[in-house]
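Here's a quick tour of a few local features. Have the sequence and model open as you read.

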Amino acid sequence: MEDRPTLEAIVLYLDPSGIRHVYPHGRETLLGPWDPDLDPTESIVDAVAAVGLAPVMVHSTSWRIVRRRLMLTFLVVVEPPEALPDTCDVEQVTRAELARGRATGAPETVHLSQVVEHGLRHLAWLVAQDDAIHAALGPWTDALGDYAAEPFRAFGHDPT
């Protein structure tokens, strides 16, 4: 069997209480198979739709190594579900400190809340800069208002 990257979706929606994270029972994220004949974004849209959720925006947000495999992570914003799929749970998204590595290397550990924080900071920037993302996430503008992308950290030295 060929070693392929694993695709994961961090599935989010907005309701009056804030940003919510939907995930399958017993997992933090929804995993999707990668079909090399499809763009990975198409594969993740199909995986999210297969559980009964309607994606409105997909954005590749990060990658990391999990158990010696490359994990490609996507934030997927869905329409607020009328009813949560029976196979899923939901939780409120809360703020987290970003995972910090070296200027030339990844952090030793990364918690999912840090991946979500990183992704939402990026979406806050995109909703202001990208017309397609703004059109898809216009109602998210207030919810993303406190998220701000940090400038790139300086290259050439490791933080102490």
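β1 and β2 make a hairpin with two residues between them; strands here are DSSP runs (E, at least two residues), helices likewise (H or I, at least four), numbered from the N terminus. Keep in mind that this is a predicted model, with local features needing pLDDT of at least 70, side-chain atom pairs counting only at pLDDT 80 or more, and totals for chains, interfaces and linings using all residues. Residues are numbered from 1 along each chain as its sequence is written, and side-chain values use heavy atoms, leaving out hydrogens and water.

| Partner of β2 | Bridges | Direction | A residue pair |
|---|---|---|---|
| β1 (residues 6–15) | five | antiparallel | D15 opposite G18 |
| β6 (residues 88–92) | five | antiparallel | R20 with Q92 |

β2 is mostly covered, too: seven of its seven residues are buried, meaning under 20% relative accessible area with a 1.4 Å probe and protein chains only (exposed is over 50%, partly exposed in between).

Now for the loops. R68 sits between β4 (55–66) and β5 (69–78), and its phi is near 65°, a positive value in a residue other than glycine. At 81% relative accessibility, R68 is exposed.

D35, in the loop between β3 (30–32) and α1 (40–50), is partly exposed at 32%. Together with D37, D39, E42 and D46, D35 forms a negative surface patch. Patch residues have over 30% relative accessible area and no salt bridge (a Lys or Arg side-chain nitrogen within 4 Å of an Asp or Glu carboxyl oxygen), and like charges are joined within 9 Å.

Conventions. Patch = residues over 30% accessible without salt bridge, like charges linked within 9 Å, V, L, I, M, F, W, Y side chains within 5 Å. Areas by Shrake-Rupley, 256 points an atom, 1.4 Å probe, with all protein chains shown as cover. Lys, Arg positive; Asp, Glu negative; His and termini not counted. Charge placed at Lys NZ, Arg CZ, Asp CG, Glu CD. Pairing = 2+ DSSP bridges.
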